[in-house]
Amino acid sequence: MRGRPRLAAEGGAMIESEALKNEWHVVYRSKDLADGDVRLVRLLGQDLVLWRHAGRAAAWLDLCIHRGARLSLGRVTNGELVCPYHGWRYDLDGKCTLIPAQPKTPIPARARAETYHCQEKNGFIWVCLGEPAHDVPVHPEWENDDFLKVFTGPYTFQASAPRAVENVIDVSHFPFVHDSMLGQAGDPDEIENYDVEQSNEGLRAGPIVVSQPAGDHRRIPVRSTYRFWIPRPFMPYLMKSFDAERCFSHFMPVTPVENDVTLMWVLTSANFDKEGGEARITKRNADVFGEDIPIVNSQRPAMIPEALRQELHVRADKLSVVYRRWLTDLGVPGAK
Ligand code: FES
Ligand SMILES: [Fe+2]
């Protein structure tokens, strides 16, 4: 940012950490941003203007260098973003091309928007506020036409991103938070020991087998075998299989909006029961996350404690424990 003004949230170390600035984060769904659209989005405590022209999306600090007006209140004209205050025009690269009050005078070199890395992949628009250290991973089912793909969310958590991630990589809450759907409170499964592997592709864990009264959009009793993959710290993915053929996955990138405000975007893929599946998956996901969110929002502290000893871990929590150590290694701050 080199001395330029920032629209930063107050306090809190996590959203200001270099580790998270150098990650890709989802800010929007690709199909919801049409050519000519201008949107205000928020990431890591910063307001961003997101806009599109000729198929290309751009994400900038939501601030005009002239007098600090919000560019997200502007509009797109002839492929350029026009500031709502004095009409300065910016091209897709962030360069000012016109100052209407003095059109014949050379435009100062500093007349630029503060631009960020922006790319589209797996149906999402991703932004990196720093220098991306890793690419967005390839989604296992994205190119596979055998799978129905359904986008739901984003679901808003009044909780930190790591708390939201831990929720979706934790199977021992299923019988209690999702009684009669993903487990049974009166007859919870014992969680057998499972493997957790860490590599340069992130964390992989499983298999974990549980009984579920209504484990997918068919809402029939199933034995589900879970496998988890967390390629980057805020990109949990789970695959559950029911037999040799039927698979159901969730890719759930979470966006740290503030230290304690998080969006979870969900891309569900299923290679069975596809007819009418979109509406049933949408309803199912709303039910599941509707049960998760109040519990996750209730967790204190909102940030995961940095010291493992501040909470109590049992064998079933193995993946969370490895995840917490990974966050620490990556330099993602938690609660002291
Ligand atoms: S504040 Fe943007 S043109 Fe003046
Ligand atoms: Fe849950």
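Q: How do the residues lining the largest pocket divide into nonpolar, polar and charged?
A: The lining has 4 nonpolar, 6 polar and 6 charged residues. Keep in mind that this is a predicted model.

Q: How many residues line that largest pocket, and which lie nearest its centre?
A: There are 16 lining residues. Nearest the centre of the largest pocket are R163, E166, N167, D170 and Q299.

Q: And what volume does the largest pocket have?
A: About 310 Å³.

Q: Which helices each supply at least two residues of its lining?
A: Helix 2 (161–168), helix 4 (277–298) and helix 5 (318–330). Helix 2 gives the largest share, with 3 residues.

Q: Let's stay with helix 4. What should it span at 1.5 Å a residue?
A: Its 22 residues should span 32 Å. The C-alpha atoms at its ends are 32 Å apart, so the two values agree.

Q: Which residues of helix 4 are buried?
A: The buried ones are G277, I281, R284, N285, V288, F289, D292, I293, V296 and N297.

Q: Why do residues three or four places apart in an α-helix point the same way?
A: Because an α-helix has 3.6 residues a turn.

Q: So what covers those buried residues of helix 4?
A: The cover includes two helices, helix 2 and helix 3 (174–177). It also includes strand 11 (148–157), strand 15 (237–241), strand 16 (247–251) and strand 18 (261–270).

Q: Pick a residue in strand 18. Is V266 buried or exposed?
A: V266 sits in strand 18. It counts as buried because its relative accessibility is 0%, and the cut-off for buried is under 20%.

Q: What is V266 in contact with, leaving aside neighbours within four places in sequence?
A: V266 touches V150, F151, T152, Y155, H250, F251, M252, N285 and F289. Among them, N285 and F289 are buried residues of helix 4.

Q: How far is the C-alpha of V266 from that of P236?
A: The separation is 9.9 Å. Along the chain, V266 and P236 are 30 residues apart.

Q: How many bridges join strand 7 to strand 8?
A: There are 2 bridges between strand 7 (residues 89–90) and strand 8, and the two run antiparallel. Y90 is opposite C96 of strand 8.

Q: Now the backbone. Where is the cis peptide bond with omega near 5°?
A: That bond runs from G153 to P154. P154 belongs to strand 11.

Q: And which residues does the cis bond with omega about -10° join?
A: R300 and P301. P301 lies in the loop between helix 4 and helix 5.

Q: What about phi of L44?
A: Phi is near 50° there, a positive value, and L44 is not a glycine. L44 is in the loop between strand 2 (38–43) and strand 3 (46–53). With a relative accessible area of 4%, L44 is buried.

Q: What is phi of N122?
A: About 55°, positive again in a residue that is not a glycine. N122 falls in the loop between strand 9 (115–121) and strand 10 (124–128). N122 also counts as buried, at 5% relative accessibility.

Key
Residues numbered from 1 in each chain as written. Chains lettered and ligands numbered in written order. Predicted model: local features only at pLDDT ≥ 70, side-chain atom pairs only at ≥ 80, totals over all residues. Heavy atoms only, no water. 1 Å grid on protein atoms, 1.4 Å probe; cavity = no way out; pocket = protein on both sides within 12 Å on 5 of 7 lines; lining within 4 Å. Points joined across faces, edges and corners; volume = space filled by probe spheres on them. Helix = DSSP H or I, 4+ residues; strand = E, 2+ residues; numbered from the N terminus. Nonpolar A, V, L, I, M, F, W, Y, C, P; charged D, E, K, R; others polar. Expected span 1.5 Å × (residues − 1). Buried < 20%, exposed > 50% of the residue type's maximum accessible area, 1.4 Å probe, protein only. Contact = heavy atoms within 4.5 Å. Pairing = 2+ DSSP bridges.
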